[in-house]
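Dear colleague,

Here is the structure for your files. My notes on it follow below.

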Amino acid sequence: MPHYLVCLELLGPLGTPLHSGTLFGHLCWARRELEGNESLMQWLKDLPGRPLLISDGFPSGWLPRPLLAPRPRAPLPDDPQRRRLAMDAAKRRRKARLMRVEDFLRLRAAVSPDLLDEAPGEYDQQYGLGGYLKRESLPHNRIDRRSGHTLEEGGLFFLQELWPHPEHNAWDVYVETDLAPDVLQRLFEHVGQCGYGRDATWGRGRFRARVSPADANLFDFQGGRLLSLSHGSLSGNMQQARYRLDPHYGKLGNVLARCDKPFKYPLLLLAPGATFEPRDDGPFGELLRDVHEGPPGACEIVHNAWHLALPYTESPPREAD
């Protein structure tokens, strides 16, 4: 199926991170509002045979760093100052989550931990993901429903919102789908106009979208392993997987957010950067059903936990000196 690059120009802060499953949920609501409930239900029915694979949102020009086989730990210098510097450098490398697209294309034929360390990563401490989103705390007061007033003790809590860097507000989302590009453009435009994620009515999650064909070099490669760009599940056709787990606490959106039980079951997903050997042609991960205790409305409730993945070849780590 064709691959598309959706460039999002953020117009304000985000109340919810740009996770693949949440983006897919917003596309579902957009289809329902633009084309009607029957169109959405038919789309969901057809998805197992015609899956829509979608990535997380990444700063423009960046991809997740692949998780590679661990290498033997090199001995630390005897000098205390040099030892501390070596440990700090190793810590920064472990914390890096992104790499540039051009570095991935340059290294993908033989990715190793040593070559990956030479590729620039993101180490910005003020802005979170890749130095492009700044996390801010928004204070709220809890209301005692019996009195209608704020609690005197323990009433204050904080919500996190993500503010884009003033000079770097372009984010990339990759999509593999048989939907026509004009349909995909219309769906993303609708999401950006209505707002994505929490507190959309306050102006959070607004963006402009531009859909274009993805760089064919990213997906046109024969490699022995795959790099996930999505928050997805672990399925049986993903062998020798390396991953970080990320709990997901989903909530129903749109009109269903006002039902008595809007919260979905917690999910334990693989974060972007997971790598694995494909046992077949995919799709990898699952379209998760039964993620809510009951259908409170006419729409079927699912979670898109498929992986949109890039092929690469991994080289064994170099022996420690």
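Asp 290 is exposed, because its relative accessible area of 69% is over the 50% cut-off. This residue lies in the loop between β15 and β16 (303–306). Its phi is positive, about 55 degrees, although Asp 290 is not a glycine. Bear in mind that the model is a predicted one.

Gln 240 is another non-glycine residue with a positive phi, near 50 degrees. Gln 240 sits in strand β11 and counts as exposed, with 58% relative accessibility. Most residues other than glycine have a negative phi, and most peptide bonds are trans. Pro 283 belongs to the loop between β14 (275–278) and β15 (285–288).

As for the whole chain, the protein has 321 residues, 46% of them buried. It contains seven helices and 17 strands. Of the contacts with a separation of 6 or more, 77% are between residues 24 or more positions apart.

The largest nonpolar core has 57 residues. Those with the most contacts inside this core are Val 6, Leu 8, Phe 24, Ile 54, Tyr 174 and Phe 188. Leaving aside residues up to four places away in sequence, Phe 24 touches Trp 43, Leu 44, Leu 47, Leu 52, Ile 54, Val 302 and Asn 304. There is also a second, separate core of ten residues, among them Trp 29, Leu 267, Leu 269 and Val 291.

Phe 188 is also one of the buried residues of helix α6, along with Val 183, Leu 184, Gln 185, Leu 187, His 190, Val 191 and Gly 192. The cover over these buried residues includes β1 (3–10), α1 (20–35), β2 (53–54), β8 (170–176) and β9 (207–213). Helix α6 covers residues 181–194, and its 14 residues should span 20 Å at 1.5 Å a residue; the end C-alpha atoms are 20 Å apart, so the two values agree. After α6 comes Gly 195, with a positive phi near 105 degrees.

On the surface, Leu 234, Tyr 243, Leu 245 and Leu 268 form a nonpolar patch, with about 380 Å² of accessible area together. Leu 234 is placed in the loop between β10 (225–228) and β11 (238–242). Leu 234 counts as partly exposed because its relative accessibility is 40%.

Regards

Terms used
Residues numbered from 1 in each chain as written. Predicted model: local features only at pLDDT ≥ 70, side-chain atom pairs only at ≥ 80, totals over all residues. Heavy atoms only, no water. Core = buried A, V, L, I, M, F, W, Y, C linked by side-chain atoms within 4.5 Å. Buried < 20%, exposed > 50% of the residue type's maximum accessible area, 1.4 Å probe, protein only. Contact = heavy atoms within 4.5 Å. Helix = DSSP H or I, 4+ residues; strand = E, 2+ residues; numbered from the N terminus. Patch = residues over 30% accessible without salt bridge, like charges linked within 9 Å, V, L, I, M, F, W, Y side chains within 5 Å. Areas by Shrake-Rupley, 256 points an atom, 1.4 Å probe, with all protein chains shown as cover. Salt bridge = Lys/Arg side-chain N within 4 Å of Asp/Glu carboxyl O. Expected span 1.5 Å × (residues − 1).
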